Amino acid sequence: MTTVPSITRTTTLAARSSPAPNGLRVGWVGLGDQGAPMARAIATAGFDLQVWVRREASLNELEGLPHTRHESLADLGGASEILGLCLREDSDIEEVLIAGGLLAAMEPGTVLINHGTGLPGYASSLADRAARTGVLVLDAPVSGGRAGAEARRLTTIVGGPEPALAKARPVLDSFSTTIAYMGAVGSGQIGKLINNALLMMNQRSIQDILVLARNLGLDLDRLVDLLLSGTGRSFAVEALTGPVTAANAAHLEVLQAIDMDIFTEAMTALGQDVAQLDAYARPGAHGLPMAAELLAEGLESGPGRSRSVGVRR
C-alpha cells in the first residue's frame, strides 16, 4: 500500500470573519462527482468545512465557499469533530485512513462517516479498529447520484451507533431529504447494496418491455409518458428520461456492474445464496446503453413533443 502524499505548496485558506454559524468542524475527503456537491451543501449550511485534497484542481469545486484547506490528512483528522469520506472503494478509504495517518490523528469522540459503497464486513472491521481510539464510525452510503447531491435531495442510508448518528444528523440533513437508519454497523451498506440490486432488476424489466414495445411498433416516447404516470412507474423509468442518457449509459453500466460484484460478494460472505438475483439483476446493468439508445432514437423520430427530464423521487 502506497503512502498518500501530502500537498506541500502553501495555499491561501478561505478567511472567516467569525465562527461558522453551525459551529461543528466538519472534515471532508473526496471532492468527486458526488462528493463535491455534498461538501458544497455542508459549507452552504454554515458548518466549518475542513478539507484535504490530493489534487489542487479539486478545490475549484469549493470556489466562493468558506472552507479551510489542510496540507496533510493528519492535520485534517485532528481538526475535525465529524469527518466524511466520499471515496469510491474500500481500498481508497483504507489508504487515506491508515497509510495517510488520518485515523491515528482523530480525537476520541470524533464521528467518522463513510459515504462510499462497500462491503459490510469492511464497515464492521473499520468500526472495531476505530473504537480502540474512541472514534465512532457510521457507514452512510447515499442514493440519488450527482443530480440528487446537487439538489440536496439524497437518501442517506446509515448503519452504526445511534449517538453518532444524532451528532452527525444535522450535517447529513444538509444534503439529504431522507436519512434511513438501518441499525448496527454494516447495515447501511447492506441497505444500499439491496437498493442497488433492485434498481438493476427494475432496469432489466424495463429493458424487456421496451424491446417488446419496439417489436410491436409502439411509439416509445409515448409509452414512456404512460409509464411515468401509470402504475408501472419507477425510478428506473424516470432515470431514463433524465440523468441516464445515450452519452453516459456505458459509463454507468461499468459502475453498476461493480456494484453488483460488491453485492454478490457481500451477500455470499453473509451466508446468502444470491445467484438467481445476480443472474436477473446484472443484465439490467449491461442493458442500460441499449435502453438509452432506444429512447434516444424514439425522441429523434417521434412526434417532437418535449418531455420533462426532471427525475421525481
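Mentor: Arg152 has 37% relative accessibility, so Arg152 counts as partly exposed (buried is under 20% relative accessible area, exposed over 50%, partly exposed in between; 1.4 Å probe, protein chains only). This is a predicted model: local features need pLDDT of at least 70, side-chain atom pairs count only at pLDDT 80 or more, and totals for chains, interfaces and linings use all residues. Residues are numbered from 1 along each chain as its sequence is written, and side-chain values use heavy atoms, leaving out hydrogens and water.

Trainee: Where does Arg152 lie?

Mentor: In the loop between helix H6 (145-150) and strand E8 (154-159). Helices (H or I, at least four residues) and strands (E, at least two) are DSSP runs, numbered from the N terminus.

Trainee: What is phi of Arg152 near?

Mentor: Near 60 degrees, a positive value in a residue other than glycine. Most residues other than glycine have a negative phi.

Trainee: New topic, H5. Which residues are buried there?

Mentor: Pro120, Tyr122, Ala123, Leu126, Ala127 and Ala130. They cover an arc of only 160 degrees around the axis, so they sit on the same side of H5. That arc is taken from the directions from the helix axis to the C-beta atoms.

Trainee: And which are exposed on the other side of H5?

Mentor: Gly121 and Asp128.

Trainee: What covers the buried residues of H5?

Mentor: The cover includes helix H3 (90-99), helix H8 (187-215) and helix H11 (249-269).

Trainee: Last one. What pLDDT does the chain average?

Mentor: 90, with 88% of the residues at 70 or above. pLDDT is the predictor's confidence in each residue, from 0 to 100.

Key. Contact means heavy atoms within 4.5 Å.
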